[in-house]
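Visitor: Hi, could you walk me through this one? I'd like to start with a single residue and then zoom out.
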Amino acid sequence: MKARRNKKQIPSFRKLLKTSKVKLENKLKNKQFKQQSTLKKYRKEQRKLRQAVKDAVSKRPIPLEDPKGKRPGKRIEREEEEEEEALPLDMMDEDDLQLMKDLGQRASFLTRDLSSSEPVHVKKRKREHIIEKYEKIPRALQTAPEKELIHLLPIKDKSGIIPQTREKPVIDSNQDEEDQEEVELEEEIIEDPVRELTLEEHLTERKKKLQEKKMHIAALASAILSDPESNIKKLKELRSMLVEQDPDVAVTVRKLVIVSLMELFKDITPSYKIRPLTEAEKSTKIRKETQKLREFEEGLVSQYKFYLENLEQMVKDWKQRKLKKSNVISLKAYKGLAEVAVKSLCELLVALPHFNFHNNIIVLIVPLMNDVSKLISEMCCEAVKKLFKQDKLGQASLGVIKVISGFVKGRNYEVRPEMLKTFLCLRIKEIEVKKDTEDINKPKKFMTFKEKRKTLSRMQRKWKKAEEKLERELREAEASESTEKKLKLHTETLNIVFVTYFRILKKAQRSPLLPAVLEGLAKFAHLINVEFFDDLLVVLHTLIESGDLSYQESLHCVQTAFHILSGQGDVLNIDPMKFYTHLYKTLFKLHAGATNEGVEIVLQCLDIMLTKRRKQVSQQRALAFIKRLCTLALHVLPNSSIGILAINRILMHTFPKTDLLLDNESQGSGVFLPELDEPEYCNAQNTALWELHALRVRVASHFLLRHYHPIVQRFAAHLMAGAPSEGSEALKPELSRRSATELFETYSMAAMTFNPPVESSNSKRKDKVIQGDSFLNEDLNELIKRHCNEVDTHLPLDFTKYLQSLLR
């Protein structure tokens, strides 16, 4: 026999769906009932408020002429009686009160409400009276208050589903309000006067409050970090402390909350941008984990947005210097809060370039780069430089460059030079050049069918076919798209940079931005289109010849010109002799004072002009530059002397025949003309590098002393020996392998200390101080004493006799 089926079956999905719908409907009904009850309460309160206002304002109008009340005393008594009669109106029902108002308005034209739309002359029936009309109005019965129902889960029976409800217990709101008012009155009565605290007690109380706030901030931050998805709502609680109202700790607490939120967002923010959900995505059913993730993302984005708005408002308050109504924070504290807010914005700019609202942060930071406050300006400029250095793709850099370019143009190029100097930190080494990339990355050729049939067996052809198919699929999935996108972004960024530079060269040649522009052109000159080279070189030469530039600006012009000529400019037929002449003439403007820092630009120019273009440089030009550089090394600081001697060492290796400057004999006709500014015609072959001997030793009181800087002395001795690569006069690897610019920076004395430090003497301290003739030799000392004692003072001095004996 067949086994009996179990009557108790598992409910189907359709039945479960029905019950879930009933639950949703019940929830919806409960929500509607709650809304209706709150609306009723609100209407009741509004009605009471309006009635109270009407009672206070409405007074019975006094007619213009009162024949019976001519005497003022009777009029005053009658007005008091009318006021007493008007008092019971507060206790009347609404319908009765409305009727009385209607009767009062029909009294006369003067007392009628002019705003009512009812006509004055209404047709009246003869036998109809106003009281009869009032009796016909239906009375409102005093019914019990409507009770609110709570819908419960239904009961399933054979007949069907039976809905279940329950009455919600009614709370007497009037009684609660009265009790609350009584409690407030009692609190006001019982409240004691505030005791005045001493300064010490006040500081102790402030320290205690601050410690409690710190612990609260730390607890919230720890909870958020431990489980961000579950505790994302605590971000709102922490952000609410940005409006701390306690005047004792308000400034400190707000600063702590700003920094804490900044670090929290840096830690819990995902590595992708959160986009808003579409309507279709919101309506689809998802799992609990996905729903939890969506709630976390929505809460994070909203709180991050509010946090950035708070920081922006702090900066605006400081700029506008408007005191808030609460007066919790003084105007002096606005600057400190603004500095912390700007620092947090800079940190978020660098740390979260991929996240939402990054463009909004850029719009806030860029104007602050030109701020009057030097601290805030430097802070924002450093943040932008850091962003440029670490941005590999170029998306964030492009956004910043667009805003800076527009800001500079909008201010008519009257901004800080530091804004344009940030462009030097851009990581742009290549731009979109399709031919070059195709030549470098040539596509791999696959074997044809004939080649396979000749060289491979049947099984090998089968494997080869599968391998080539897989390789094609992998090539399609490669990161070539990201490389193309990177080149495209870099190209667009560089175009905006050059547009800004060229605008300043054209319209603002006397602007303080010119050195930054020339320095930027020098760095990115190899990426400029060849079509602009000729015009750009003409502009640079015109700027130099104008005489309006400082020595540093003119050096930047020379550097930019040779950067252009060292790259794609080799194909141009341009004679750069005028730039060589200008650099040769500018060298003697440098000295150990304020212009000492310009030596670094000179070293970079010499490397491009002489070393890298050695095939286009004549021997006469190289000799002239070596001689003038050695002269310059005598009157600059030690680090500059080291850099100049290092570049001379490279030039002596690059042009071996320049060793004739180490010989005293002249090598041709003419005399060396050091005052001539033309390096080709100054006859530098007829001189010698006597400056090296002065750099190695110096004469003082007929004694030869070494130069006080050991590295300068070492380089001078090395060059005097002909700059050998081996032997006793050769340089150590730490000196020979470094470039001239690196040596200039390494041995800088900007910290006002000896570099390298002076070695301490090992001699022991002597108790007795040697004085007078103790420094002389003992034999010499005895001889001096003997001759001094044996002088014959009794004999007369006859100089003529002594002179005659000498003549004989």
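Guide: Happy to. T269 counts as buried because its relative accessibility is 11%, where buried means under 20% relative accessible area, exposed over 50% and partly exposed in between (1.4 Å probe, protein chains only). This is a predicted model: local features need pLDDT of at least 70, side-chain atom pairs count only at pLDDT 80 or more, and totals for chains, interfaces and linings use all residues. Residues are numbered from 1 along each chain as its sequence is written, and side-chain values use heavy atoms, with hydrogens and water left out.

Visitor: Where is T269 found?
Guide: T269 sits in the loop between α8 (250-268) and α9 (279-283). Helices here are DSSP runs (H or I, at least four residues), and strands are too (E, at least two), numbered from the N terminus.

Visitor: And what does T269 touch?
Guide: Leaving out residues up to four places away in sequence, T269 touches L300, L352 and F355; contact means heavy atoms within 4.5 Å.

Visitor: Which backbone oxygen does the T269 side chain reach?
Guide: The one of F265, at 2.2 Å.

Visitor: Zooming out, how many helices and strands are there?
Guide: The protein has 32 helices and 4 strands.

Visitor: How much of the protein is buried?
Guide: Of its 808 residues, 31% are buried.

Technical notes: A polar contact is a pair of N or O atoms within 3.5 Å; within protein, one must be able to donate a hydrogen and the other to accept it, and residues adjacent in sequence count only if both atoms are side-chain atoms.
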